[in-house]
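Please read the following numbered points with the sequence and the model side by side. Each point takes up one part of the fold.

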Amino acid sequence: MSEPSHLDNDQPLLVAEGLAKNYGQLAACRDISFALYPGEVLAIVGESGSGKSTLLQLLSAQLAPSAGRVSYRMRDGVLRDLAELGEAERRFLFRTDWGFVHQDPAQGLRMGVSAGANVGERLMAVGWNHYGKIRDSASTWLERVEIDVGRIDDAPKTYSGGMRQRLQIARNLVTEPRLVFMDEPTGGLDVSVQARLLDLMRNLVGELGLAAIVVTHDLAVARLLSHRVMVMKGGRVIETGLTDQVLDDPREPYTQLLVSSILPP
């Protein structure tokens, strides 16, 4: 994926400084620092147990770090330490500026209510209260993620796995967030379904100018979606750089091994 052309903002959107997470003697993440800019897509890759999912939880304020900090630039331009935000402020971020796409759509959807309600609930959380406008917006987003609008009143439990994942994406993007976290977004899907979903995500991320952090064990996902890659091993970032540069000419032996083999999930 080429460099984003819309990076006219030289102020970072999210900054990690010396991040670490320990579980007793186990260091799940160690001394991780980087900055993410508006419109940039960063892929975090590595084998199972490398620490990439723990890092995603730290960056999205779902885990408290053992050391270091994560800061986010609010819409007023102020860079705030996430640890200093109250619980209500963090929840508000997740309803407005942030999205989170889970590997299992059931974690990001209410499976027993309609597809339209799943999308509409997020709009209601940011103050929408006109039923007709909410339903119209939900219909528009179902179309954007290639779901038949005639299924708007059907519950996600009646959807296929690929449709559920596309609905989860619609639910996350309807409030026009600035940053989306994705945890193995194509995991568990058939290859043909993965390809369709990846193409959809790439188009939406580019069209909306979103920043995104994508955790994946699949280097094909990283190549298609991201501008930059961080390779993790044993809780550390061992290599980072532009996606094509890292994947076409890896410097570290571990990265070379990943590129030349199929990563386990």
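1. The largest cavity has a volume of about 50 Å³. Here a cavity is a set of points, on a 1 Å grid over the protein atoms alone, where a 1.4 Å probe fits but cannot get out, and lining residues have an atom within 4 Å of a point. A volume is the space filled by probe spheres set on the points, with grid points joined across faces, edges and corners. The structure holds one cavity of 30 Å³ or more.

2. The lining of the largest cavity consists of V101, I169, L173, V180, M182, M201, V205 and L210. Two or more residues of this lining come from each of α5, β7 and α6. Helices (H or I, at least four residues) and strands (E, at least two) are DSSP runs, numbered from the N terminus. By class, the lining has eight nonpolar, no polar and no charged residues. In this classification Ala, Val, Leu, Ile, Met, Phe, Trp, Tyr, Cys and Pro count as nonpolar, Asp, Glu, Lys and Arg as charged, and the others, Gly among them, as polar.

3. The model is predicted, local features need pLDDT of at least 70, side-chain atom pairs count only at pLDDT 80 or more, and totals for chains, interfaces and linings use all residues. Residues are numbered from 1 along each chain as its sequence is written, and side-chain values use heavy atoms, with hydrogens and water left out.

4. V101 of the cavity lining belongs to strand β6 (residues 98-101), in which W98 and F100 are buried on one side and G99 and V101 on the other. Buried means under 20% relative accessible area, exposed over 50%, and partly exposed in between (1.4 Å probe, protein chains only). In a regular strand the side chains alternate between the two faces of the sheet. Strand β6 pairs in the parallel sense with strand β7 (residues 179-183) over four bridges; two strands pair if DSSP finds at least two bridges between them. Within this pairing, M182 in β7 is the bridge partner of V101.

5. Where does β6 stand in the sheet, at an edge or between two partners? Six strands form an open sheet with mixed pairing, in the order β6-β7-β8-β3-β9-β10. Strands β6 and β10 (236-242) are at the edges with a single partner strand each, so one side of each has no neighbour in the sheet. From one strand to the next, the twist averages 15°. Further along, strand β3 (residues 41-45) and strand β9 (residues 228-233) run parallel and are joined by four bridges, with V45 opposite V231 in β9.

6. Helix α5 lies across β6 and β7 and runs at about 170° to β6. Axes are lines fitted to C-alpha atoms, for helices over the stretch in contact, and angles run from 0 to 180 degrees between N-to-C directions. Contact means heavy atoms within 4.5 Å.

7. The largest pocket has a volume of about 310 Å³. A pocket is an open set with protein on both sides within 12 Å along at least five of seven lines. Of its 13 lining residues, F94, F100, R122, R171 and N172 lie nearest its centre. Elements giving two or more residues to this lining are α2 (87-95), β6, α3 (115-125) and α5 (161-173), and β6 gives the most, with three. The lining divides into four nonpolar, six polar and three charged residues.

8. In α3, the buried residues are A115, G116, N118, V119, G120, R122 and L123. They pack against α2, β6, α4 (131-144) and α5. Just after α3, G127 takes a positive phi of about 110°.

9. S114 lies in the loop between β6 and α3. Why does S114 count as buried? Its relative accessible area is 19%. Not counting residues up to four places away in sequence, S114 touches I152, D153, D154, A155 and P156.

10. Q194 is placed in helix α6 (residues 191-208). Q194 counts as buried because its relative accessibility is 18%. Apart from neighbours within four places in sequence, Q194 is in contact with T186, L189 and D218.
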